[in-house]
Amino acid sequence: MTAADHNFLWNEAVPTGLETLHPGLVQILAFTHNRSPKLIGTGFIVAANSDHAIVITAAHNFHEGVRNAQFPKDYRHPSALPEFLKEISIDPSKVRAVHRKQQAVEVCVIEFVAWDEASDLAVMKIVPQDRVSNRFDTFFRMKRESVEVGSEVGLIGYGDMAVVSEQMDGDKGQFSTESRVVFRRGVITKIHPEGYSLCRTRCVETNIPVFSGMSGGPVFIIPDDDEDMIPFGLVSFDPEPEGVSAKYDRSIAGRSVAAMLPTRITEITTDKRGVLFNFGEKTVVLKGS
C-alpha cells in the first residue's frame, strides 16, 4: 500500500490482515452517569509485561472524552471554571481499556494514568480484570525518529466506533460495540515546532484524514519491509468535521495533526530500552481504587 497508488494523495490498507494489529492496541471505554458505555479513543501498548501493559494515548481522551462522559456538558453551568469541575474517576465502574487478542476481548482495569494537556500525552498502566498473566505480548518499540516535510508516515487507530446495543440491570449490564482498525498512509505536510491550534507542543501536520476515535493512535515513519513500526507521535486531532465525505476520498488531502512524543530513550542493554516521558508542570495523575 503506497499513497502513490492510483495517484492517491493518501491511502488506506484493506481490512484483510489488520486483525494482527489488535494485540498492540486498546480502546478507551467510559461509562456515563447512567452507566451507558461510550467508546472514546485509541491507545497503543509500548511495554508488555504479561500481566500488565503500559499504554500511550492522547491526553484529551481523558480530560475531554472521559470527562464529558462522566460529567456531560448539558449538566454543567456554562460559567463553570475548569478548576471547579469535578475530577474524573478511573474507577473500574467508570472507565476501562478494551484489549483484543485473537477472539478474546478483555475489558482491562486502568491502575493509573498520567496526562499532560500541553503535550496531549497520556500514559497509563492497564491490567486484566481477573489479574491473569500472559495477556500482553505485543507492543510498539520506541526510539527517537527524525521527521521532515515529505516524510512518508502511517497512522493506526479505531474508526467507526459505536455501541450497538446495551442492557443495564443495576450495577450489572451487557453491551456490544463495533469498530474497525484503520491503517492509513500519507506524508508530512508541515512541522510546527511550537505547536498548532489545539496541540500546544511540537507537532506535525499530515495529509491523512482521521476520525475522532483514532485519537491517541500511533503515528510512525513508514518502515522498510520486515522492519518495525516505531511511533514518533500520536494522533491528536483533525480540524475537519467528522461526517464529511472527504475523509473517505483519497484524492482529497486531509489535515490531521500528530503530537510528537516528548520522550527520551535511554539504552539499558542490547535487548531493553528505558523510556523517559517529559510531562509539564500541570500534569494530572490519577490512581485507580
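This is a predicted model: local features need pLDDT of at least 70, side-chain atom pairs count only at pLDDT 80 or more; totals for chains, interfaces and linings use all residues.
Residues are numbered from 1 along each chain as its sequence is written, and side-chain values use heavy atoms, with hydrogens and water left out.

**The acidic patch**
- Asp224 sits in the loop between strand 11 (218-221) and strand 12 (231-237); strands are DSSP runs of E with at least two residues, helices are runs of H or I with at least four, and both are numbered from the N terminus.
- Together with Asp225, Asp226 and Glu227, Asp224 makes up a negative surface patch.
- For patches, residues need over 30% relative accessible area and no salt bridge, and like charges are joined within 9 Å.
- Asp and Glu count as negative here, while His and the chain ends are not counted; the charge is placed at CG of Asp or CD of Glu.

**Asp238, one loop on**
- Asp238 is in the loop between strand 12 and strand 13 (257-260).
- With a relative accessible area of 15%, Asp238 is buried.
- The Asp238 side chain has a polar contact with the side chain of Lys247 at 2.8 Å (a pair of N or O atoms within 3.5 Å, one able to donate a hydrogen and the other to accept it; residues adjacent in sequence count only if both atoms are side-chain atoms).
- A polar atom of the Asp238 side chain also lies 2.9 Å from the backbone nitrogen of Glu240.

**Salt bridges around Arg180**
- The whole structure has 11 salt bridges (a side-chain nitrogen of Lys or Arg within 4 Å of a carboxyl oxygen of Asp or Glu).
- Arg180 and Glu12 form one of them, at 2.8 Å from N to O.
- Arg180 lies in strand 9 (residues 172-192) and Glu12 in strand 1 (residues 11-12), so this pair ties together parts 168 residues apart in sequence.
- Arg180 also pairs with Asp160 in a salt bridge at 2.5 Å, N to O; Asp160 is in strand 8 (residues 152-169), 20 residues from Arg180.
- Arg180 is partly exposed at 26% relative accessibility, and Asp160 is partly exposed at 38%.
- Glu12, Asp160, Arg180 and Arg184 are linked in a salt-bridge network.

**Arg67 and Glu87**
- The closest N and O atoms of this salt bridge between Arg67 and Glu87 are 3.7 Å apart.
- Arg67 is buried at 13% relative accessible area, whereas Glu87 is partly exposed at 40%.

Methods: Patches are made of residues with over 30% relative accessible area and no salt bridge: like charges are joined within 9 Å, nonpolar side chains (Val, Leu, Ile, Met, Phe, Trp, Tyr) within 5 Å. Accessible areas come from the Shrake-Rupley method with a 1.4 Å probe; for residues, only the protein chains shown count as cover. Buried means under 20% relative accessible area, exposed over 50%, partly exposed in between (1.4 Å probe, protein chains only).
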